[in-house]
Amino acid sequence: MSENTEIKKGLAGVVADYTAISKVNAETNSLLYRGYPVQELAAEKSFEEVALLLWTGELPTEEELAAFTEFERANRALDPAVKEAIDLLPTDCHPMDVGRTAVSVLGARDDRSEDSSPETELAKAQEIFVAFPAVVAYDQRRRRGQEIIEPRDDLNYAENFLWTTFGEEPAPEVVDAFRVSMILYAEHSFNASTFTARVITSTLADMHSAITGAIGALKGSLHGGANEAVMHTFEEIGIRTEESREEAAARAKSWMEQALADKKKVMGFGHRVYKNGDSRVPTMKQALDAMVDYYGRGELMGLYDGLETAMSEAKDIKPNLDYPAGPTYYLMGFDIEMFTPLFIAARLTGWTAHVMEQRANNSLIRPLSEYNGPQERHLS
């Protein structure tokens, strides 16, 4: 290297490897999972089907889906050792800490950690996928002083996730909005947490180590947490249930204009990859609209409209997926700090798919650096 070495801070613009799992096409503003537009998958497929697509490269046959469904429904209960570990954690720690710890415990108890055969890796991916909803559901309940709710094998993934969190059978409208959110969050190419998982995998570490590291990366506010931040913004503006949609929109617009004048960072807008708006937003916005109609919460959509309008007029910056996802989860009844663990539950599919892809054609990821410290010096 020389003085002319170009440093790509944040690896911006660097193409690190090939992937067949997903493609973000910034020019056409599209996101493809194994070639399928994500909005088509969200419109027609279950989250279980999309998970199998990401793992195997193809949508499952009826027999394959039936076999996975049987496995998923039979293994939903929270591992007693994981529950014991969660109970040792303070209820005021961030739920991301709980998710990270839970996956690490699962890995420490897995006697196949040194087995990285394709069959075993797929089995591990499916087991983590199945185990994690119980972690999120129990963590929210224990923070509220509530008892654990046992899973049911007569409900699908989304229905059971909501059942074990709230102890009530969810309405179809809520189930569908939750299913859509899981599909949209499932995968997004070489983002920071996915790349973290691939770096760890490249060292030949086990899958649980890679996923634990990915959760750590997602905890950072520059990558995860934006869906939480959106709702904190709504709370700062003030959520007034008696207010009309138009009144709420006017207040939110004024708030945003002042925030931008003060150069305040407002989460939920813009994306490092998409330049013409996040392609997942229209689908998630439809799910949010359904939740607003179902719960009769027009004032919440007023806040949404006001912030979006002000940001568009001032900066021409559009929302990303976290912007409609945050209020959707809020209306469902999830505590705000649980929003990013919900992101984990979805993104586990993409992370584990990338772990398997990295493993199949591995090379240690070890970039160079340009030294800019003191020149060589000696003690005497």
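Predicted model: local features only at pLDDT ≥ 70, side-chain atom pairs only at ≥ 80, totals over all residues.
**Close-up 1. T340, a buried residue in helix 16**. You'll find T340 in helix 16, which covers residues 339-360.

**Close-up 2. What surrounds T340**. Setting aside neighbours within four places in sequence, T340 is in contact with M96, L218, G224, G225, N227 and E228. Have a look at G225 in that list: its backbone nitrogen sits 3.4 Å from a polar atom of the T340 side chain.

**Close-up 3. Helix 16 alongside helix 6**. Here helix 16 is shown with helix 6, residues 118-143. Their axes come within 10 Å and cross at roughly 170°. That angle is over 145 degrees, so the two helices are roughly antiparallel to each other. On the helix 6 side, the residues that meet helix 16 are E121, L122, A125, I128, F129, F132 and V136. Helix 16 answers with P341, L342, I344, A345, L348, T349, T352, V355, M356 and R359. Sort this contact by class and you get 13 nonpolar, two polar and two charged residues.

**Close-up 4. The largest nonpolar core**. This core has 103 residues, and Y33, F178 and Y329 are the ones that touch the most other members. Helix 16 turns up again here: with eleven residues, it gives the most to this core.

**Close-up 5. Y329 and its contacts**. Leaving out neighbours within four places in sequence, Y329 is in contact with F178, S181, M182, Y185, N227, F334, F339 and L342.

Note on methods: Residues numbered from 1 in each chain as written. Heavy atoms only, no water. Helix = DSSP H or I, 4+ residues; strand = E, 2+ residues; numbered from the N terminus. Buried < 20%, exposed > 50% of the residue type's maximum accessible area, 1.4 Å probe, protein only. Polar contact = N/O pair within 3.5 Å; in protein donor to acceptor, adjacent residues only side chain to side chain. Contact = heavy atoms within 4.5 Å. Axes fitted to C-alpha atoms, helices over the stretch in contact; angles between N-to-C directions. Parallel < 35°, antiparallel > 145°, perpendicular 65-115°, else oblique. Nonpolar A, V, L, I, M, F, W, Y, C, P; charged D, E, K, R; others polar. Core = buried A, V, L, I, M, F, W, Y, C linked by side-chain atoms within 4.5 Å.
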